[in-house]
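User: I would like to learn how to read packing and helix geometry from a set of coordinates. Could we work through one case together?

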Amino acid sequence: MNYSKYQHYLLNPGLLLVSSMLLFAVTSCKKELVRINKNPNEVENPQPDYLLGAAEKNGADVYWGQSSNFASSELITQQWAMIQYTDPDRYIFNGNSFSTLWTTIYSSTLTDIKVMMELGEKQDNNNYVGVGHVLRAWNFQLLTDAFGNVPYSQAGQIEQSSVAIYDPQKDVYAGLLKELDTALTDLDPAGTPIEGDLIYNNDISNWRRFANSLKLRIALRIADADPALAKTTVQEVLTGKELISSNDQTAAFIYGASPNWNPVAANFSTRNDYRISKTIVDKLYALNDPRLPVYASLPENPEITKYVGVPNGLTTSDANSLGLANTSKPGSYFLADNAPAVIESYSEVLFLRSEAAARGLSSEDAPSLYKQAITASLNQYGITDATQITAYLNQPGVKYDAQNYKKSIGVQKWIALFGQGLEAFAEWRRLDYPVLTAAVSGKYGKDIPVRFIYPSTEQTLNRKAYKAAVAAQGTDDLFTKLWFDKY
């Protein structure tokens, strides 16, 4: 595939059919709906390959971007911290803090996916349809993990209604599992090829692996809330034996050079607000973890020869006093223009399989899979020396504890998910490890947020559905536990 060809179109939205052509804003209750605006600069006959690339990039950008990742979820999970303008690190959020995740997915990403799928059907190419279902499932999973009840069943049906009800989280997860089954029916490696895929380079076999791996992720997400459905799903995907099974099969969007670069690189090119958290630096030092020099940079001050994390939740003045040159930025691996936006890794899949076995949802070997998961994470970052890996695995603080699998898996998965703030946030809430201490000068004392609050626009543009969602789920604040988060 000519990657640069598709980058060219991604960087020139006038060449794509984008959300300005179709109103997909489920957050809107406007009486007059704009259908299609005829713009002489827009393509009259959009093609599914360009829409696919655009949807993938939109999804990756919001997943790895500032507002839903390193300015929120990575701060809450104490992977990153703030050295300037520290309000978000102190949990000072408002109705606009998380709106980018919501509005980008609903008004842009899902729009491109919807039109791509329709075009795929018209061209008798079910592989575009199948890929579309997988991307929809991933995006809706991000939404419900973060917010709880969200519009799902009516999302995108703007022709029938200008508003959309919020589906209960239980129903959203169940719907996503069914949607992934539909995707697997459509995805055929022997079928008509696709183009424009910037995640798997048009490899349908890998899309099938990703679909099953997402099913496994959702199964474990609901394991405490709906153990029966979790077990059925786990057994389905393990029987099928089509899971991500190597680092080469990891689902990841690979960025290019500026301006089509990783959102982290884009932010650090003009800003200097973020540092690696002291919490994770201390843990990596305690475990003699070889990922530390990958995850963190040495301070710019040459006199400091150790990695220095910043405590989460300092006031701006206290954070500033530490010194920009005296503290560690994230590692150069993550600051590179072309750093991958990992969506689901081989390591994660192994951790999921280990946990499924520990819960009795499968007959696999939990301790062995746990070791394999850590090894895969180390390999992911170029750490391949067998002696070094064995020494790491044999440490008392790393060895698998069958009496507390949630702690073993929770801590190591938190380390492995560095950079994937939304996924780390979901798994920290579900597994309750590592045990974190609230931000130093947090707004809410000892409490740590456990969900995102809905965008404030929902209270005006979709008020009836919003109020029903809050009545069903609980107060729209940072501390209402979601359905999946039982303990």
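**Reading the core and a covered helix**

Analyst: In this predicted model, tryptophan 207 touches Glu56, Val131, Val134, Leu135, Leu187, Asp197, Ile199 and Tyr200, once residues up to four places away in sequence are set aside.

User: Which residues have the most contacts inside the largest nonpolar core?

Analyst: In soluble globular proteins, nonpolar side chains tend to be buried together. Here the largest nonpolar core has 139 residues, and those with the most contacts inside it are Leu101, Val134, Leu143, Phe147, Trp207 and Tyr295. Helix α6 (residues 126–147) gives the most to this core, contributing twelve residues, while a second, separate core of five residues includes Ala81, Ile83, Leu314 and Ala319.

User: How many residues of α15 are buried, and against what do they pack?

Analyst: Eleven of the 13 are buried, so that α15 is mostly covered; among them are Tyr346, Glu348, Phe351 and Glu355. The buried residues pack against α8 (204–221), α9 (227–240), β4 (341–344), α16 (366–380), α18 (405–416) and α19 (421–431).

User: Is serine 328 buried or exposed?

Analyst: Serine 328 counts as buried because its relative accessibility is 0%, although its place is in the loop between α13 (316–320) and α14 (332–335). Beyond its neighbours within four places in sequence, serine 328 is in contact with residues including Arg275, Tyr307 and Val308.

Conventions: Residues numbered from 1 in each chain as written. Predicted model: local features only at pLDDT ≥ 70, side-chain atom pairs only at ≥ 80, totals over all residues. Heavy atoms only, no water. Helix = DSSP H or I, 4+ residues; strand = E, 2+ residues; numbered from the N terminus. Buried < 20%, exposed > 50% of the residue type's maximum accessible area, 1.4 Å probe, protein only. Contact = heavy atoms within 4.5 Å. Core = buried A, V, L, I, M, F, W, Y, C linked by side-chain atoms within 4.5 Å.
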